[in-house]
Amino acid sequence: MFDTLKNTVIFNGLKNEEIDLILKKIKFSKKRYDIDEQIAFRGDKVNGVLIILKGRISTEMLNEEGNVIKIEELTNSDIIAPAFIFGDSNILPVDLVTIESTEILFIEKKELLKLLSINEIILENFLNEISNKTQLLSNKIWNNFNNKTIQKKLANYITKNSKNLEFEIKNISNLAEKFGVERPSLSRVLSSFVKQGKIEKISTKKFKILDKDFFDF
């Protein structure tokens, strides 16, 4: 167990003996789950920290059609929903289902607070983990917003520069500079238009519009 905990973000930088001494000062519990067992449901209250000691877990959501959407897989040493332990809304945002036999260490919130006050390294590790998760989410939101902005700019360019539903992009680097965006970002959006069937690539620089409605023709 100590080797697994040593690899978690919370206990990172501590030796087995140090972890052993620290855990003796708090209360915690361990629970085993069989394969395909539901650990928790979306909307359940997060009452403490959950650490995977062994096994794999799938985090999932149900869409409006009732289809399961897999968000990510968690495995040994991963922490489940650390950003939802504290704050005003302690609600689990996903369902948790085991992919294989799994063992989880649970530390209740009040015991976690005790743990964070015992060791400065653990406190810093935990705060860093929450900050990293927040920054990652912020970057995802920005990238999504930025991609939509690039889509709009590219769609406008295609509409204005097409003739008989065909258009050219002679130099994508120059076009990216004109848009004020990174070249790889523009290339990704252009590729997504092709994959979505909005346009067709005829040659290296020449394209044809397939979905006229998308480009407001």
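**View 1. Strand 1 and strand 8 (residues 102-108) run antiparallel and are joined by 5 bridges.** This is a predicted model, in which local features need pLDDT of at least 70, side-chain atom pairs count only at pLDDT 80 or more, and totals for chains, interfaces and linings use all residues. Residues are numbered from 1 along each chain as its sequence is written, and side-chain values use heavy atoms, with hydrogens and water left out. Strands (E, at least two residues) and helices (H or I, at least four) are DSSP runs numbered from the N terminus. Lys30 has Leu105 of strand 8 as its bridge partner.

**View 2. An open sheet of 4 strands has the order 1-8-3-6, with antiparallel pairing.** Its edge strands, strand 1 (29-33) and strand 6 (79-80), each pair on one side only; two strands pair if DSSP finds at least two bridges between them.

**View 3. Ile52 sits in strand 3 (residues 48-54).** Ile52 is buried, at a relative accessible area of 0% (buried means under 20%, with a 1.4 Å probe and protein chains only). Leaving aside residues up to four places away in sequence, Ile52 touches residues including Thr4, Leu74, Asp78 and Ile104 (contact means heavy atoms within 4.5 Å). Leu74 is 22 residues from Ile52 along the chain, and their C-alpha atoms are separated by 7.9 Å.

Technical notes
Buried means under 20% relative accessible area, exposed over 50%, partly exposed in between (1.4 Å probe, protein chains only).
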